[in-house]
Amino acid sequence: MSYLIGALLAQDGLTNGAIYALIALALVMVFSVTRIIFIPQGEIVTYSSLSLASLQQGTAPGSIWLIVALGLLAAGLEGFGYLRGDRSTSRLRAMAAYGLVPLAVAALTFATAGAGFGFLWNIVLVLLIVVPMGPLIYRVAFRPLGDATVLHSLIVAMAVHFVLLGCGLLAFGPEGVRTPPLIAGRFPVFGVPVSAQAMVVVAVAIVAIIAMALYFGRTLSGKALRATAFNRVGARLVGIRTEQAARLVFLLAGFAGALCGILVAPITTVYYDTGFLIGLKGFIAAIFAGLASYPLAALGAVLLGLFESYSSFFASLYKDAIVFALIIPILLWRSLRSTHVEEDEE
Amino acid sequence: MSTRRIALLVFTAIVLVLPAVLSAYGLTLMNFIGLAAIVVVGLVLLTGIGGLTSFGQASFVGVGAYTTAWLTTAAGLSPVLALPVALFAGAFFALVIGAVTLRLSGHYLPLSTIAWSLSLYFLVGNVAALGGHDGIPAVPPISLFGWEPSGPAYTWLIVAAVALSLLTVANVLASRDGRAVRCLRGRRVMLEAFGVDTARLRLVIFVHAAVLAALTGWLYAHLIQFVNATPFGLNASIEYLFMTVIGGSAHLFGAVIGAGLMTLLRDGLQRLAPELVGSGGATEIVMLGLVMVVLLQTAPRGVMPWLLRLLPPRGRPWMDLDRARAIAPFSSRPKPERGTELLTVAGVTKRFGGLIAVNDVSFDLKAGEILGLIGPNGAGKSTLFNLLTGISPATAGTISFAGERIERMASRKIARLGVARSFQHVLLRSDMSALENVAVGAHLRSTRGYLSALLRLDRREEERLLAEAMRQLDRVGLAHLAHEPAGSLALGQQRILEIARALAADPALLLLDEPAAGLRYREKQELAALLSKLGEEGVAVLVVEHDMNFVMNLVDRLVVISFGQKISEGAPTHVQNDVAVQEAYLGVAA
């Protein structure tokens, strides 16, 4: 392997690693605050890429119908709760928000999809469509479970993954798409041509990770989320609304997923089921961090990206087999670090 | 005959007659229900009862199918001879994967099953010897001395396999190891304290479930006579798990119901959905997912509890006092002579980060002596208990019991030496009967293993275990509640039940953590009498208690700790007059 090839593989690995890192951070965040293992994170990535591709072709993406449907369902659940006796104005406000925001986004999208406002506007539209999916999925699928066990909500997460996967196929069809790069061109770095797209991906991921670190470390609502992650009952006792915290992390997860989708669309061909595999690789990175530490998750993601990139060079057929088998040594390492019997929940 | 038995017989009769009358299409459906049911039976054991979630069962089906397909085509072996190899392959894979991943707790395990099953899936698709993505065609049919089961005969074969799988798991669950499996979820610390190797037990049920899955793989390969990787992917695994949940994951028979409902539901959707939307695959998984979400939100326990409400409750393992007295007891442990040194704690310290929970505590305990351990809340009494029983290792100092150093020994090894305990927060399995809970305590007194339970060779030992449990229940005065679910007992009775469980282990040292809390006056007197009697028999008793009247009248000696340090030791009257003790409890000397 020459220096050039090695460097190009490293570039690929770092780019993918940055994307896995974003996913892994979102997964760690959602898990630590809500105890939900958010398998459908990958589908959010897919929806973002595919929506962007349709908007680039001047058509309104099929995912709009999904958020309108989710919004109406969520509004219906709130309305139902109101009728069942909880006559608080917050219920009505939530109902209005869940119902109207997706409708407004849909109207905006239909009005401007064919108008040719350009790439940046399309990205704004994608964010408007995809980011609300996080809280909507939480409200419709997970909230009604109450304080379910991790296993219980994991199976629900799997079911939601099925639903979203099927909806993705219905809305976008089986064809793969690839969008033009956000910024075209290559720049030499240490004699290696580095694509501007790769730089954008890494830069955006780093900015997002720093923003997250600042948010969790410096702001009151970020600290409230950390408190919730640490001890939910305790957080509730000191007046943190854990419910609101859950909504917020799902919003952030939606944002991270949308961002990944936009970043990944120009790098690989995205099919309706691509997101799931990206999401799972994010999981491996998250497991590397014990579903708990943000910096470790980011490090794991970058290592995974590099590992994947080099194994695709040496044994391209077995690339995915190798990457997913990587979980075994990681788990072994983790399990050797904790030797006492850990009590699972009932 | 009980109504339950009649219901089961009627169901069996229907299942046996069905293949003879069904159309070819109906037979295919029934075959697939049966094939799935075998896998799901394993998942009920593993996930529903044992609490280990696997998103990888389809991989084990694949291991069984590929093994037999390769052996019967490339190696030309007869399918009947390939069966044991296929089952062994399933067990081997499970053993290797389980050894690495089962040490993980909770949510890591399901996530790791997703990853390794995907890895196997991608691997198989690329191995040329296994036909790559094209798979292995022309797998021969099963042939037994020239007879080739096909049509209804193959369905009967599958039905027999389902029945056999149900039987193996039912046998296990009604045994010594089965009781432990039922406690795996959320009671591992308790199990270890009674000598159960929970890591090994988890591995064993993982292998059991994998062998059942491999059996399905073998039946599948020779039914379809073609094998490729697609039906063994992650989606299939998830569907098996869905079936488990739909049926009711804690009920063995729910496996059959879940497999049936899911297969019929999918078949119905496949026939309806294309006409509705026009895109088969997508609509199917959307509908399936929606059904699952709604089901889990509204009826998370599945269909079985609802079905069972129609039937009278099941008879629990039967044992009564008269019968128990007639059964020869296990030989009991030779007790050390009264007054010999049994437990020596020397300079024991436990730190949690910066916090010193137990600081340089020393005391000893002789056989037949009752020692009280008292101190204000947060003094470190329960931590000390956990050090003595190996639940957490000591940071410094030594603990010896009967000549062995135990300060860093695993909990289950200490149990073997003859130490049994009760827990401050009762750790009973509330859905098991009082009798079964006590029988868990007697785990180490029998050595019958998993295999002999599976083959039902353990019946006599099992009866002796239950008889022992019954005798201990009688000893503590709870024999009349033996067949009630432990969760239905009053809190005080649950504490007594914990003591009965500890006694069932035939301990040389009994550790009781607040046994009198929640007891009424009479019950306390009875408990005190029982403990005194144990002392006379040569059992050493260490008791943590807040009820001073109870303690002062019961114990031979007291050790007082406060903020992790021993502040006083001696006879009850001496301790009562100790200024340091009065300060610790009252803040000032009285």
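This passage describes chain B of a predicted model and the interface that chain B forms with chain A.

The secondary structure of chain B comprises 24 helices and ten strands, and its C-alpha atoms occupy a box of roughly 90 × 55 × 50 Å when taken along the principal axes. Chain B has 590 residues, of which 57% count as buried. Among the contacts in chain B with a separation of 6 or more, 75% are accounted for by residues 24 or more positions apart.

At the interface, 52 residues of chain B are in contact with 51 residues of chain A. The size of an interface is often given as the accessible area lost when the parts come together; between chain B and chain A the buried area is about 4,500 Å², and carbon and sulfur atoms give 76% of that area. The count of salt bridges between the two chains is zero, whereas six residue pairs in polar contact are found across the interface, with both residues of each pair at pLDDT 80 or more. On the side of chain B that touches chain A, two or more residues each are given by α4 (79-101), α5 (108-124), α8 (188-193), α10 (234-247) and α12 (280-298) of chain B. By class, this side of chain B holds 29 nonpolar, 15 polar and eight charged residues.

With regard to cysteines, a search of the whole structure finds zero disulfides over all chains.

Technical notes:
Residues numbered from 1 in each chain as written. Chains lettered and ligands numbered in written order. Predicted model: local features only at pLDDT ≥ 70, side-chain atom pairs only at ≥ 80, totals over all residues. Heavy atoms only, no water. Contact = heavy atoms within 4.5 Å. Buried area = accessible area lost by both parts, 1.4 Å probe. Salt bridge = Lys/Arg side-chain N within 4 Å of Asp/Glu carboxyl O. Polar contact = N/O pair within 3.5 Å; in protein donor to acceptor, adjacent residues only side chain to side chain. Helix = DSSP H or I, 4+ residues; strand = E, 2+ residues; numbered from the N terminus. Nonpolar A, V, L, I, M, F, W, Y, C, P; charged D, E, K, R; others polar. Disulfide = S-S within 2.5 Å. Buried < 20%, exposed > 50% of the residue type's maximum accessible area, 1.4 Å probe, protein only.
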